[in-house]
Amino acid sequence: MISEKIVKALNDQIAAEMYSHYLYLAMAAYFHDENLPGFGSWMKIQAAEEMSHAMKIYDHIIERGGRVALQKIDAPPAKWDSPLAAFENAYKHECEISSKINNIVDLAIAEKDHATNVFLHWFVDEQVEEEANALEIVNHMKLLGESKGGLLMLDRNLAKRE
Ligand code: FEO
């Protein structure tokens, strides 16, 4: 049996993952508007991953006999000062998501909910990758500086993400 406290925390996390989905879709639209279709495509794939994260949690709640309660999703920003600013935002956002996941792991341990604790290990690992991916692109963009050619080359590389 899953406790109401854990169900509430997991429902909050569904909302956080759905917001991530929305945020990355907004970034994809921004990048397409900036004529950077590779960046846009990368972000659309990231947005789809976030939806799958939300659904994993959704399924876990149901499987454990809890009640999924969907929440309102805030509108994300529509534009950023620069492509670098957007990716810096993505990196900061992933760090915040990691912290939310860690808090639910702490709660699962406190509630002695071993099933949720083990379930969340996948998310703990995933967050290491999510932070690293965003940070790598931020650092790459910083190295490129003002180079438009470099930005276009990076755009072509990001278009390869499947
Ligand atoms: Fe679902 Fe990017 O964390």
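This is a predicted model: local features need pLDDT of at least 70, side-chain atom pairs count only at pLDDT 80 or more; totals for chains, interfaces and linings use all residues.
Okay, one definition before anything else: when I say exposed, I mean a relative accessible area over 50%, and buried means under 20%.

The C-alpha trace spans about 55 × 25 × 25 Å along its principal axes. Of the 162 residues, 42% are buried. If you take contacts with a separation of 6 or more, 81% of them are between residues 24 or more positions apart.

Now the surface. The chain exposes about 8900 Å², and 56% of that comes from carbon and sulfur atoms. On charges, we have 16 positive and 26 negative, and their mean positions sit 3 Å apart.

Where is Asn35? Asn35 is in the loop between helix H1, residues 4-33, and helix H2, residues 37-63. Asn35 isn't a glycine, yet its phi is positive, about 60°. Is Asn35 buried or exposed? Its relative accessible area is 61%, which is over 50%, so Asn35 counts as exposed.

Then there's Lys112, in the loop between helix H3, 83-110, and helix H4, 114-144. Lys112 also has a positive phi without being a glycine, near 55°. With a relative accessible area of 65%, again over the 50% cut-off, Lys112 is therefore exposed.

That's my tour, thanks.

Key:
Residues are numbered from 1 along each chain as its sequence is written. Side-chain values use heavy atoms; hydrogens and water are left out. Helices (H or I, at least four residues) and strands (E, at least two) are DSSP runs, numbered from the N terminus. Buried means under 20% relative accessible area, exposed over 50%, partly exposed in between (1.4 Å probe, protein chains only). Contact means heavy atoms within 4.5 Å. Accessible areas come from the Shrake-Rupley method with a 1.4 Å probe; for residues, only the protein chains shown count as cover. Lys and Arg count as positive and Asp and Glu as negative; His and the chain ends are not counted. The place of a charge is taken as NZ of Lys, CZ of Arg, CG of Asp or CD of Glu.
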